[in-house]
Amino acid sequence: MSVRPTNVRLLVLVALTSVFVLPGAASAETPPAAGITLDVVSVNGSGCPPGTANVSVLPDSSGFRVTYRDFLARAGGETNPTDFRKNCQLNVLVHIPQGFTFAVAQADYRGRARLENGATALERTNYYFQGSPDNNYVDHNFSGPLSGTWHTIDATPVNELVYAPCGEDRNLNVNTEIRVDEGTVNPNKVSSMSMRTSEGNVDTIVHFEWKQC
């Protein structure tokens with residue numbers, strides 16, 4: 001499936017302690033009282049080897065949480081040439097009560113980065129329902145020197161939300177990747193970016209917007 005230009009707007013980018021917010025984000029409606037269940041169909045990619053990612057429904061049924069333990073990209077120095085890019089694709093089937101449907105309204109990503117002067121990094125995610133022509137992506141770019149935690153938020157205005165078809169079960173795909181380019185200033189020094197912190201696991205949280213069919 002080809003990737004269409006994104007209609008998902010970048011609303012917040014946090015590198016270290018800086019926060020920037022634009023208007024127009026969707027705010028979550030109340031999830032169905034009956035709650036939801038989620039089947040993880042597959043978790044694949046170089047950033048989530050078997051046993052290193054866990055997916056679970058949020059307690060209030062407002063979305064789901066992903067915990068990564070080995071999602072790290074590195075470049076420069078004597079790193080493996082294939083380590084500059086890592087990705088993880090989630091394929092999940094969300095079971096919701098009759099009479100409701102949902103869209104991905106917002107997703108929060110966190111991790112750590114150590115970028116040498118001249119190095120750059122990219123975090124990209126695209127979201128789509130199986131069989132849907134709407135395959136949207138959003139990019140977050142980082143530049144060195146940078147050392148510390150990072151936090152990005154993808155959010156979609158209400159009038160641009162893509163809902164699952166009413167009355168049909170459709171798998172939701174969320175494909176996330178991180179890339180690091182060591183640049184030409186300090187190519188012998190290692191730069192890295194991860195979806196984890198030095199303390200251990202980091203949660204990625206995908207938030208749903210609900211509506212009645």
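Predicted model: local features only at pLDDT ≥ 70, side-chain atom pairs only at ≥ 80, totals over all residues.
## Overall architecture

The protein chain contains 13 strands and zero helices.

Of the 213 residues in the protein chain, 47% count as buried. The chain exposes about 10,200 Å², and carbon and sulfur atoms supply 48% of that area. Among contacts with a separation of 6 or more, 80% involve residues 24 or more positions apart.

The model has two disulfides. When the bonded cysteines are numbered in sequence order, they pair as 1-2, 3-4.

One of these disulfides joins C48 and C88, whose sulfur atoms are 2.2 Å apart. The torsion about this S-S bond is about 100°, so the disulfide is right-handed. C48 is placed in the loop between β2 (37-44) and β3 (53-57), whereas C88 belongs to strand β6 (residues 85-95); the pair thus ties together parts that are 40 residues apart in sequence. Both partners are buried: C48 has a relative accessible area of 3%, and C88 has one of 0%.

## Disulfide C166–C213

C166 and C213 also form a disulfide, with their sulfur atoms 2.1 Å apart. Here the torsion about the S-S bond is about -95°, so this disulfide is left-handed. The bond links distant parts of the chain, 47 residues apart: C166 sits in the loop between β10 and β11, and C213 in the segment after β13 (202-212).

C166 is partly exposed, at a relative accessible area of 40%. C213 has a relative accessibility of 52% and counts as exposed, because the exposed class begins over 50%.

## Residue N171 in strand β11

N171 lies in strand β11. Its relative accessible area is 19%, and N171 is classed as buried because the limit for that class is under 20%.

The side chain of N171 makes a polar contact of 2.8 Å with the side chain of N91. Leaving aside residues up to four places away in sequence, N171 touches V41, N91, V92, L93, Y128, F129 and Q130.

## Residue L161 in the β10–β11 loop

L161 is located in the loop between β10 (146-155) and β11 (171-181). Although it is a loop residue, L161 is buried, with a relative accessible area of 12%. The C-alpha atoms of L161 and F102 are separated by 9.1 Å, while the two residues are 59 residues apart along the chain.

Definitions and conventions: Residues numbered from 1 in each chain as written. Heavy atoms only, no water. Helix = DSSP H or I, 4+ residues; strand = E, 2+ residues; numbered from the N terminus. Buried < 20%, exposed > 50% of the residue type's maximum accessible area, 1.4 Å probe, protein only. Contact = heavy atoms within 4.5 Å. Areas by Shrake-Rupley, 256 points an atom, 1.4 Å probe, with all protein chains shown as cover. Polar contact = N/O pair within 3.5 Å; in protein donor to acceptor, adjacent residues only side chain to side chain. Disulfide = S-S within 2.5 Å.
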